[in-house]
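Okay, hi everyone, thanks for coming.

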Amino acid sequence: DRRTSLHPEVLSEGAASLLPGEDRPAILWTIDLDRDGSIAETHVERSLVRNRAALSYGEAQGRLAETDAPKALRLLREIGRLRQEQERLRGAVSLQLPAQEIRCDDDGYQLHYEQSLPVESWNAQISLLTGIAAAAIMIEAGEGILRTLPPAGENEVDRLRRVARGLHVGWADSVSYAERVRELDPNIPNEAALLAAAASGLRGAGYEAFHDGQIPDEPEHSAIASTYAHVTAPLRRLCDRFANEVLLAAVAGRPTPDWAAEALDELPAIMNEARARDRRLERAQLDFMEAVVLADRVGDEFEAVVTASRDGESTVQLEEPAVITRLDLDLELGDHVELRLVAVDPASRSIEFEPIDP
């Protein structure tokens, strides 16, 4: 029942905030695009910016429906669509993953699957565009830190096709993995389950630091189908702070500051551990809310879909409420299963289901 800021309030509501009408120091990216949305030229510099408005995604989508929608939002839509087409042409895997969301209403706290809006995807394309441009600068300069991901193997694609059949989601033989995943709608339960299964197959994401022109052997991020770097969130993601110093120096034609260059090799391990902690915290919060939501439903029966199965453990996604849980059973991917809730303990954040025999 409270808001917990990422940073102390002197930063989050002051020097580092994006409150409208305030000037803030920033790193300004100027990216010129061709008519088809491909990158023509990039420049990076320090600057002051003033935020003109603070909008939620829902508010931004609503403003775009108005006849006098702000120019900045209309441009976001235009560029977002162009970059989505560029993504398709690259053969990128666009994962609009279903996310659990905790909401509070008159009946208390509820779990829902978050509904994705078009403006969210267009906004994400701006971050992807910037990360792709950043990686190109780093590679040309011969120094930096890349976000990498190995490609999914043939066995993984075959597995997903089996899951799709179990979920009754069509997938023509002539349609590639990237094309089919891009078309999936996270707001449709069966397609959301296939998206979750696709995400589990993209394993091995990490960071690769490099110096002196020694580019990593596998520098690409396979889901993005390009080289890519994290640079757009220096206040909340540590590696971006150092990556931006590399970029500013490269564009200005000067050496990277020693303090930034010397930190690059340490960052992959730090970032991987930070991401693991983040996942554990998020999972603990959701586990608790799942237990609270289900506390008075012991004995009830639920429909679910198996979205992952490995080493004798299966992940299932309930159709309603928005619960994703694990079973100590080796079930078939894509299977529809009926489960009975047998135990709930919010204090230990645990819930226990058992399958109902057909």
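Predicted model: local features only at pLDDT ≥ 70, side-chain atom pairs only at ≥ 80, totals over all residues.

Now, who is β11's partner? It pairs with strand β10, residues 313–318, in the antiparallel sense, over four bridges. Gln317 stands opposite Ile324 in β11. And β10 and β11 make a hairpin, with five residues between them.

Okay, on to the aromatics. The count comes to two aromatic pairs. Let me show you one of them: the ring centres of Phe302 and Phe353 are 5.7 Å apart and the planes are at 85°, so we call this pair edge-to-face. What I like is that the pair links distant parts of the chain, as Phe302 is in strand β9 and Phe353 is in strand β13, 51 residues apart. Are these two buried or exposed? Phe302 is buried, at 4% relative accessible area, and Phe353 is buried too, at 8%.

Last stop, the helices. The axes of α2, residues 57–64, and α3, residues 71–90, come within 10 Å and cross at roughly 95°. That's in the 65 to 115 range, so α2 and α3 are roughly perpendicular to each other. On the α2 side, Ala60, Arg63 and Leu64 make the contact, and on the α3 side it's Leu73, Arg74 and Arg77. Those residues split into three nonpolar, three charged and no polar.

Terms used. Residues numbered from 1 in each chain as written. Heavy atoms only, no water. Axes fitted to C-alpha atoms, helices over the stretch in contact; angles between N-to-C directions. Helix = DSSP H or I, 4+ residues; strand = E, 2+ residues; numbered from the N terminus. Parallel < 35°, antiparallel > 145°, perpendicular 65-115°, else oblique. Contact = heavy atoms within 4.5 Å. Nonpolar A, V, L, I, M, F, W, Y, C, P; charged D, E, K, R; others polar. Pairing = 2+ DSSP bridges. Phe/Tyr/Trp six-rings, centres within 6.5 Å; stacked < 30°, edge-to-face > 60°. Buried < 20%, exposed > 50% of the residue type's maximum accessible area, 1.4 Å probe, protein only.
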